[in-house]
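Morning, everyone. I have one structure to walk through, and I'll keep it brief. Have a look at it first.

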Amino acid sequence: MRNTLNFSKAKEIVANALKKYISESISTETSVLNQNKPELIAKSLKVKHLFEKGFKDENDLKNFVCNYLKNTNHLKSSRYMGHQVAVPHDLAGIPDWIHGTINNPSSLYEMGPAGSTLESFMINWMLSKVGWFKGNDLYEFGRLAKNGSGILTHGGSIANLTALSSARAAIAPEAWDKGNPNDLVVMGPSSSHYSISRALSIMGMGKKAFVPVPVDENEKIIISELEKVFTRTKNQGNRVMALIANACATSTGLFDPIDEMANFCRKHKIWFHVDGAHGSVALLSKKHDHKLNGLKKADSLIWDAHKMLRVPSLCTAVLFKDQKKMWKSFQQKGSYVFHEKDVVGMDSMPFTIECTKSALGTKLFWTFAIEGQQALINFVENSFKQAKDLYSFLKNYDGFHCPYVPESNILCFQYKPEIINNQEQLAIRYDLINSGEFYITSCIFRGKRYLRTVLMNPLTDERDFKALARAIEKKGELILKKKTKILQ
Ligand SMILES: Cc1ncc(COP(=O)(O)O)c(C=O)c1O
């Protein structure tokens, strides 16, 4: 059968479905997460049929889109407090639509001049926030001597791998051709994100190349341990390729002491990499930028825009203080692309893991263009405040234990930890998300299971905090009742 979908009608169907979805997501009557079994979802979406025959008409499209949206996690609900995935502005998807239509990747300037230009502009802006942009105007796209530089890439894990590849090129440039020397290690807090040790394994250095530095009770690196671990590592005949800092740590949202770590790296001439996937946004706020004091002294930084800059996944920046260091990240040349002297504009391809990459700069720019920069500053400050408010609320609510004052928008807590064990804390989380009331996560912290909230949604307020506490209390008390019954 001939496909009768037309552009305007299809656009209208999708726009109407999304509009309805947004208003339903905002309602507290709607389940935050609707998690059916995959067989059920596939059947209701008529996946096999559509795969073979395609959309027959507008009804097919409408049914599919509506059904698809029913089987989703509603990040736009004020009761979504889950993983560090942006809750985008309602208009944030437009660049994905444009690029889904025109398909201009942005790694080669000639394949997407507008997208590449926006990427360079946003990189200049990010560099200027760190203090690594030395030009007079963010429209300066040429390579400025002594300037920092950076690229956008698909996610923080790839970004960490990119930065570590540059760190290796700095200490052991021969590794690209000959393979790794055996004596390279990377130091970092034991609370470093798993993508760091994963990157080391991918780079052929093995997980063993990660040397954990002890952390305090809040899982922040202990500065006095740095010298000890460094001396021990050196005495074992190893060279430290880089030191990693958490800004902030994934589980807790707490920041490592960046300035002191930077000074340590300066003293020992060690590459300093700041994993700011989540917390780099503190740079936007005069109230919070002190948490990144000393960042300017680092060698590299990663910054996930799809976490706290409200950009739809994925979009991460890898930034370098010294652009020459970035040039060496990947020393391989492809004859069909890397002829930079002849090209107009700038190609990011030589510096990225990806060969083809999405128009990430367009998504990032768009999130600012929707309402202007101040709206994002307000968003960051509000998210950080939401975590503080939740902390104050739970601290005064009977039964809740909050182990630390939040420094970002991430907060961990437990319900009656003296009588509700790790497994039961986790059961509370599953009860909450399976009932559709809330979406929160959990983590292991200080060797114990904690409930974990990440406040990413501007609509979340004290009504949600009250409802969350009451829901957890109810589920916790039910667990305790069952336990007492078993014991009787
Ligand atoms: C500190 C930190 N680094 C890296 C990552 C990995 O980022 P991505 O999920 O974009 O790969 C995360 C993800 O949560 C993170 O919290």
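**The hairpin and its sheet**

Start at the hairpin of E10 and E11, where two residues sit between the strands and arginine 446 takes a positive phi near 50°. Before going on, a word on the source. This is a predicted model: local features need pLDDT of at least 70, side-chain atom pairs count only at pLDDT 80 or more, and totals for chains, interfaces and linings use all residues. Residues are numbered from 1 along each chain as its sequence is written.

Helices (H or I, at least four residues) and strands (E, at least two) are DSSP runs, numbered from the N terminus. Strands pair if DSSP finds at least two bridges between them.

E10 and strand E11 (residues 448–454) run antiparallel, joined by five bridges. Isoleucine 444 has arginine 449 as its bridge partner in E11. Serine 442 stands opposite leucine 451 in E11. Leucine 451 is also the bridge partner of phenylalanine 413. E9 and E11 pair over four bridges, again antiparallel.

Now the whole sheet. It is open, with four strands in the order E8-E9-E11-E10.

Contact here takes C-beta atoms, placed from the backbone, within 7 Å.

Is E11 enclosed or open? It is largely enclosed by the rest of the structure, because six of its seven residues are buried. Buried means 20 or more other C-beta atoms within 10 Å of a residue's own, exposed means 12 or fewer, and partly exposed is in between; the C-beta atoms are placed from the backbone.

Compare serine 392, in helix H15 (residues 373–395). Serine 392 counts as partly exposed because it has 14 C-beta neighbours inside 10 Å.

**The domains**

The chain divides into domain 1 (105–371) and domain 2 (373–487). Those bounds come from an automatic or database domain assignment. Over C-alpha atoms, the centres of domain 1 and domain 2 are 32 Å apart. Their contact takes 22 residues from domain 1 and 19 residues from domain 2.

Technical notes. Contact = placed C-beta atoms within 7 Å.
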